[in-house]
Amino acid sequence: LTNKGGAVGEKVTLSAKLKSNDPKVKIQGLEVKFLVDGKAACDDRTDAQGQVSCSWKVPNLTQGTKPLEARFAGNDTLAPGKATAQFLAAKAVTKLWIDGSHNNLNMKAKPGEKLELIAFLTRKHDDAPLEGRHLSFTVNKQNVGKSTTNGRGFATLHYRLPDDFAGDAHADAYFEGDDFNVASSDGNIFLVEHIKNGFLNVITADSGKTGEELHYWAQLTRNKPLPGIPFSDGIEGVKLKFLFDPGIGWIFTATTGPTGLAHAHGKVPQSANAVRVWVDPTSDWKAEEAIRPISVVPGPAKVTMSDSSGLLARPLTLKARAVRTNDGAPCAASRMNFELRGATIGHSFTNGAGDATLDITPSIGLGTGKHSIGAKADASGACGSDRASATLTMSAP
């Protein structure tokens, strides 16, 4: 048995050779056990030459020299035997990454924003995560706090950048090492976006009918606009987001021109009551969002009705359709009132395609021949009111 060494977490091979004073005695297949610091490490059986070896992963051993033994328990022909040597235990080399550094990514932040500093600590030999280790964090060499690694080796610290933070933030994480692991550290740069404040104002916002194309103008300025001077001190090249309120679909993303003006347009949806504008979050500029009320009325509707025919005292279906005339969109969920010879006989509601139907069974008393029928759509949030007529031809059953 010879001296051996290894670091915590490293796989090492322990080897020994069993010899007999009598060359006639078979020494193959005999079990030999290895012990390090008095504790079982691994075991294996000898080959034809008495050689034995086994793989052992070094556990948490304090740094220094430990007793190493190889033991043979003996059998019917051979007496027990053992050999001793030294095992030199070393601390494990560790790897520490702070978020973004392992894939060369610089993170982004803004003054006043809370940073999430994340570090990952492992052993180098086997990539095993190290749990329960205390990591220290600094930003631009100033201590900002400590955190403890979890079962996956991650430690997280939340740190708020001061509102007046200048320049970029260099974040570092440090592991001071312990009885079994050496120290390590890592760092990464947070690119701090220094936000500039502006003033946002909705200059004009059309009011109109549901389904119409309406236009909107907003302006971003460095200073609050003076009364009567709406186009002073505009900010160019900033994306603005336009949205109908209450939160009904995107209208447009528009970029401000030389005077800070941006123009958007879109078809006004049902039940919108305002236009809301804000600065795109990716911009270096920020401003309070601006809201301007708008007035929306139902778009004009066109009702059409199909002629129908049938037999007296037999079921038949009356059909009608309602669409908006300004954009051809179907008038969904509109109440459709059906008439026969000028009298209302029932109602139904239009489906997503704008269609409405009513099942009726004309009585014998209606009589054969042609009769007037009609369909009238009530005004709804999306469409106005309209009426259509058609002819119902009845025959004897």
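**Burial, pairing and disulfides in a predicted model**

Student: Why is Arg324 called buried in this predicted model?

Tutor: The relative accessibility of Arg324 is 10%. Buried means under 20%, so Arg324 counts as buried.

Student: Where does Arg324 lie, and which residues does Arg324 touch?

Tutor: Arg324 is in strand S29, residues 316-324. Leaving aside residues up to four places away in sequence, the contacts of Arg324 include Thr210, Gly211, Gly299 and Pro300. Cys331 and Cys383 are also among them.

Student: What makes Cys331 and Cys383 a disulfide?

Tutor: Their sulfur atoms are 2.0 Å apart, and the cut-off is within 2.5 Å, so the pair qualifies as a disulfide. Cys331 lies in the loop between S29 and S30, and Cys383 in the loop between strand S33 (369-377) and strand S34 (386-395), so the link ties together parts 52 residues apart in sequence.

Student: Which hand does the link of Cys331 and Cys383 have, and are the two cysteines buried or exposed?

Tutor: The link is left-handed, with -95° about the S-S bond. Cys331 and Cys383 are both buried.

Student: How many disulfides does a search of the whole structure find?

Tutor: Two. Cys42 belongs to strand S4 (residues 39-45) and Cys54 to strand S5 (residues 51-57), twelve residues apart.

Student: Why is the disulfide of Cys42 and Cys54 called right-handed?

Tutor: The torsion about its S-S bond is about 60°, so the disulfide is right-handed. Cys42 and Cys54 are buried.

Student: What pattern do the disulfides of the chain follow?

Tutor: Counting bonded cysteines along the chain, the pattern is 1-2, 3-4.

Student: How do you know that S30 and S31 pair?

Tutor: Pairing needs at least two bridges. Strand S30 (residues 335-340) and S31 have six bridges, so they count as paired, in the antiparallel sense. One of the bridges joins Leu340 to Ala343 in S31.

Student: In what order do the five strands of the open sheet stand?

Tutor: The order is S28-S34-S33-S30-S31, with mixed pairing.

Student: What makes S28 and S31 edge strands?

Tutor: Strand S28 (308-311) and strand S31 (343-349) each have a single partner strand, so one side of each has no neighbour in the sheet. From one strand to the next, the twist averages 25°.

Methods. Residues are numbered from 1 along each chain as its sequence is written. This is a predicted model: local features need pLDDT of at least 70, side-chain atom pairs count only at pLDDT 80 or more; totals for chains, interfaces and linings use all residues. Side-chain values use heavy atoms; hydrogens and water are left out. Helices (H or I, at least four residues) and strands (E, at least two) are DSSP runs, numbered from the N terminus. Buried means under 20% relative accessible area, exposed over 50%, partly exposed in between (1.4 Å probe, protein chains only). Contact means heavy atoms within 4.5 Å. Axes are lines fitted to C-alpha atoms, for helices over the stretch in contact, and angles run from 0 to 180 degrees between N-to-C directions.
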